[in-house]
Number of protein chains: 2
Amino acid sequence: MDSLFNRRTIRKYQQREVAPDLLNKLFEAAFRASTCGNMQTYSVIVTRSAEGKERLSPAHFHQPMVTEAPLVLTFCIDLRRFSTWCKLRKADPGYDNLEWFVTGAVDTLLAAQTFCVAAEEQGLGICYLGTTTYNPEQIIEALRLPELVFPLTTITVGWPDEAPEQTDRLPVEGIVHDEYYRDYTPADIDRLYAYKEGLAENRKFVADNGKETLAQVFTDIRYTREAAEAMSEKLWQAMKQQGF
Amino acid sequence: MDSLFNRRTIRKYQQREVAPDLLNKLFEAAFRASTCGNMQTYSVIVTRSAEGKERLSPAHFHQPMVTEAPLVLTFCIDLRRFSTWCKLRKADPGYDNLEWFVTGAVDTLLAAQTFCVAAEEQGLGICYLGTTTYNPEQIIEALRLPELVFPLTTITVGWPDEAPEQTDRLPVEGIVHDEYYRDYTPADIDRLYAYKEGLAENRKFVADNGKETLAQVFTDIRYTREAAEAMSEKLWQAMKQQGF
């Protein structure tokens, strides 16, 4: 489990190719992950070309990893391949709905994360781009995703060219509940977030942004309600557009 | 990567405890997975007691793994802990919407799958229960999940008491697309599904169910349109009930 414990997200990569054979092996490992009914309701779009990365870049707010990483992998929910198979086999597929969007999302993310674990075990570095669900319609267009295919997450991949510090995590006891969900008291929150709030980098983050608390940096600057509500509407429209 | 390549889903477990120290270590590894903004928007409910398993069993259609596995882990999207922290820190959290439901789902599943990879590396066996999103309201009640907490997937865990054959997977070329999504032609589908359709167990499955094609076993029996549409409606209601 060393590789799991020692991992860091990597955003800077060497200008060195990821060998096609290695990439293929990582995909083989990834696709052994659990999948509902063995239906494998996902597809992966591999972007290697400079033009392809440029097309994706605006959707990811021009984060430099997109154009600088050797590989950009867009993991998509895909109910289309399975539905096409059904239609060609005299069967009526009913997978164009919310239940299968969510089930497809589970399948897709188990494969994506298994890919990352395998890649990191081989010494590669990865970064997840949460921006994938912020601008799905731009990604749909850039990758020409047809109905019943939906971009859920993106991973940039390459050989690391940085060695960042490991980020903090909440204590395990703050995430795991015995038998029932135990709601968080103010004392629990103080205890669980004390380490994070005390970190010098976070104190600096608060000061630099002219805020009173670290939480305000999240709610007022990084992830605001206004942005989330606008993105929720766009996400819903994109789900409808793709036939879910 | 051996453990990733050799894995099988395990549904029968020895009557032998998973040591608390090992479980804790697996959670620590799992929670090192990538997480949006380092917000860790998930919680895990651990069910060990016979009563707890009985309460969950109907939601999972009485699949025997639930009552027979030493551990049942319900991985939940959790925007509540983070929102509680915000409210206690003079910040207004805007995470009660679809965008954060999906972002939380990504976080939750990366942690869940990292847990599984770590567990399997230690020799444990796991089984994902897709039924979690079929009957979310029953699970919400059984685990007393409050607003902004949503059960997304369940994993049964224990020391294996079976050694099943490995199941088939589609060829990698059937899932990975270069630069753009390449839609599937009938010839592609024939080629990609030939192995699966030719398997003796699948031929028997078709015959036993009195169907003409394997796809019809999926659409008419295992995962019907009627069931999916009813579950989609229940899922949406549960999302609303939990405040998303």
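Author: Let's start with a term: helices (H or I, at least four residues) and strands (E, at least two) are DSSP runs, numbered from the N terminus. In that scheme, H62(B) is found in the loop between α3 (50–56) and α4 (64–68) of chain B. This is a predicted model, in which local features need pLDDT of at least 70, side-chain atom pairs count only at pLDDT 80 or more, and totals for chains, interfaces and linings use all residues. Residues are numbered from 1 along each chain as its sequence is written, and chains are lettered from A and ligands numbered from 1 in the order in which they are written.

Reader: Thanks! What is the phi of H62(B), and is H62(B) buried or exposed?

Author: Its phi is positive, about 55°, although H62(B) is not a glycine. For burial, count the other C-beta atoms (placed from the backbone) within 10 Å of a residue's own: 20 or more is buried, 12 or fewer exposed, and in between partly exposed. H62(B) has 10 C-beta neighbours inside 10 Å, so it counts as exposed.

Reader: Which loop holds K90(A)?

Author: K90(A) sits in the loop between α5 (80–87) and α6 (98–121) of chain A. Its phi is near 55°, a positive value in a residue other than glycine. With 12 C-beta neighbours inside 10 Å, K90(A) counts as exposed.

Reader: Now the strands. How do I read their pairing?

Author: Strands of a sheet pair through backbone hydrogen bonds, either parallel or antiparallel. Here, two strands pair if DSSP finds at least two bridges between them. An open sheet of 5 strands has mixed pairing and the order β3(A)-β4(A)-β2(A)-β1(A)-β5(B). Its edge strands, each pairing on one side only, are β3 (125–129) of chain A and β5 (176–178) of chain B. β3(A) and β4(A) (residues 149–158) run antiparallel, joined by 5 bridges; I126(A) has V157(A) as its bridge partner in β4(A).

Reader: In chain B, how many residues of strand β3 are buried?

Author: 5 of the 5 residues of β3(B) (residues 125–129) are buried, so this strand is largely enclosed by the rest of the structure. On one side lie G125(B), C127(B) and L129(B), and on the other I126(B) and Y128(B). β3(B) also pairs with β4(B) (residues 149–158) in the antiparallel sense over 5 bridges, with G125(B) opposite G158(B).

Reader: What rotation superposes chain B on chain A?

Author: Copies are superposed by least squares on the C-alpha atoms of residues with pLDDT of at least 70 in both. A rotation of 180° with 0.0 Å of shift along its axis does it (RMSD 0.0 Å). The two copies are thus related as by a two-fold rotation axis.
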